[in-house]
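Here's a quick briefing to read with the model open beside you.

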Amino acid sequence: MSPIEFRQLHIKSEIAQSRGTELARVKKSADARSNDADETRNNILAVATREFADKGLAGARIDEIAEKTNSSKRMIYYYFGGKEELYRAVLEQAYVRIRGREEEAEERFRELPAEQALRAQIGQTFDYHANNPDFVRLVMNENIHHGEHIGHVPGLKERNRSVIAQLRAIIDKGIADGVFRKDIDPIELHMSISALCFYNVSNRYTFNANFGVDMGAPKAMKKRRDQVAEIILAWVKR
């Protein structure tokens, strides 16, 4: 190789290395911006969830949400478009989380006998409601609006089918094993489980005021959790 050819090869190598370094820098910068955007969006959703759960759609204010986040009112409108769109995004995230938790649980419960699987499913539903009171309040607020906004959440019906399919599988296993009745509707079963678990959070304060029972106390929650499972299992058994 002549000195000129060697020099040309060296220059090409330096150019390629320089381009690689620049591409890496650009990618790193883009990743950092993407992470910052995700962090900002998640921060807005977290604060908005608390605000909408506590004050409802009418009572929550974009100004107050902005003050409590790491962003600004302008950024909230940039990411979500407006208060109603932000509220719908909060609803979507709330339902995605509970359905995602149910799908994770299905993997763990799949090999259990039907009665154990249903008891575990009930226990998880009870725990999720108890540990996520904002979800309960969001659902209560959306019912005040007659479900006006939840229908605009994309893909929600498809996600909700998963929990019904899980219960259908447990019911079928229980019927095959001769322990469950044959006339159990999985939607009705889901309704009954949700209602009993929901009530322990939604009516906690009024029940305490009326009857002096703190349903949020650890001992009371454990007792009620077991009772809900026994009530549902007594209904589905042959």
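What volume does the largest cavity have? About 60 Å³. Keep in mind that this is a predicted model.

**The largest cavity**

- Its lining is made up of Glu-102, Gln-121, Thr-125, Val-163, Leu-167, His-190, Ile-193 and Ser-194.
- Three helices each put at least two residues into that lining: helix 5 (114–131), helix 7 (156–176) and helix 8 (186–202).
- Helix 8 gives the most, with three residues.
- Sorted by class, the lining of the largest cavity comes out as four polar, three nonpolar and one charged residues.

**The second largest cavity**

- Around this one you'll find Ile-98, Arg-101, Glu-102, Gln-124, Thr-125 and Tyr-128 as lining residues.
- Helix 4 (83–109) and helix 5 are the elements that supply two or more residues here.
- Glu-102 and Thr-125 turn up in the linings of both cavities.

**Asn-200 in helix 8**

- Asn-200 sits in helix 8, the helix that gives the most to the lining of the largest cavity.
- Is Asn-200 buried or exposed? Asn-200 counts as buried because its relative accessible area is 2%, and the cut-off for buried is under 20%.
- Set aside the neighbours within four places in sequence, and Asn-200 is in contact with Phe-126, Met-215, Met-221 and Arg-224.

**Helix 6 and what follows**

- Helix 6 covers residues 133–144, twelve residues in total.
- From its first C-alpha to its last, helix 6 reaches 17 Å, close to the 16 Å expected at 1.5 Å a residue.
- Which residues of helix 6 are buried? They are Phe-135, Val-136, Leu-138, Val-139, Asn-141 and Glu-142.
- For reading a list like that, remember that an α-helix has 3.6 residues a turn, so residues three or four places apart point the same way.
- Just after helix 6, His-146 takes a positive phi of about 60°.

Note on methods
Residues numbered from 1 in each chain as written. Predicted model: local features only at pLDDT ≥ 70, side-chain atom pairs only at ≥ 80, totals over all residues. Heavy atoms only, no water. 1 Å grid on protein atoms, 1.4 Å probe; cavity = no way out; pocket = protein on both sides within 12 Å on 5 of 7 lines; lining within 4 Å. Points joined across faces, edges and corners; volume = space filled by probe spheres on them. Helix = DSSP H or I, 4+ residues; strand = E, 2+ residues; numbered from the N terminus. Nonpolar A, V, L, I, M, F, W, Y, C, P; charged D, E, K, R; others polar. Buried < 20%, exposed > 50% of the residue type's maximum accessible area, 1.4 Å probe, protein only. Contact = heavy atoms within 4.5 Å. Expected span 1.5 Å × (residues − 1).
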